[in-house]
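Colleague: I am new to this structure and would be grateful for a guided introduction. May I put some questions to you once it is displayed?

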Amino acid sequence: LTEQGEKEIYIQIVNPQNNVMSDKGAITFGNSSLIYSLKKIVTYNNKVIDLCVDVEADTDEKPLTKGTYFINVFNKERKLGSTQVELN
């Protein structure tokens, strides 16, 4: 699906109020823009990559509220995967 080399990975965490947490800015891809929580450069060698990152909530987002948090992972405008976490 992609060539080997360095890739920019964008992680987006959306809180239960539908706001992007730890907003680090936005990037534009053509007519689309992405607000992201973290950007990470990875080296892709045509193999599955295990990636672990820490995203710290901004001061005004602490403590985290109960509810469903959505985590999305992008390379440019392509969504690579997503999951959700329920905090009780």
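This is a predicted model: local features need pLDDT of at least 70, side-chain atom pairs count only at pLDDT 80 or more; totals for chains, interfaces and linings use all residues.

Colleague: Are the planes of tyrosine 10 and phenylalanine 29 stacked or edge-to-face?
Modeller: The ring centres of tyrosine 10 and phenylalanine 29 are 6.2 Å apart. Planes over 60 degrees apart count as edge-to-face. The planes of these two rings stand at 70°, so the pair is edge-to-face.

Colleague: How many residues apart in sequence are the parts that this pair ties together?
Modeller: Tyrosine 10 belongs to strand β1, whereas phenylalanine 29 belongs to strand β2. Tyrosine 10 is buried at 1% relative accessibility, and phenylalanine 29 is buried at 16%. The pair therefore ties together parts whose separation in sequence is 19 residues.

Colleague: Which strands stand at the edges of the open sheet of four strands?
Modeller: The order in this sheet is β4-β1-β5-β6, with antiparallel pairing. Two of its strands each have a single partner, so one side of each is left without a neighbour in the sheet. The edge strands are β4 (38-44) and β6 (78-87).

Colleague: Is asparagine 15 buried or exposed?
Modeller: Asparagine 15 is placed in the loop between β1 and β2. Beyond its neighbours within four places in sequence, asparagine 15 contacts Met21, Thr68 and Tyr69. Its relative accessible area is 11%, and the cut-off for burial is under 20%. Asparagine 15 is therefore buried.

Terms used: Residues are numbered from 1 along each chain as its sequence is written. Side-chain values use heavy atoms; hydrogens and water are left out. Two strands pair if DSSP finds at least two bridges between them. Buried means under 20% relative accessible area, exposed over 50%, partly exposed in between (1.4 Å probe, protein chains only). Contact means heavy atoms within 4.5 Å. Rings of Phe, Tyr and Trp (its six-membered ring) pair if their centres lie within 6.5 Å; planes under 30 degrees apart count as stacked, over 60 as edge-to-face and the rest as tilted.
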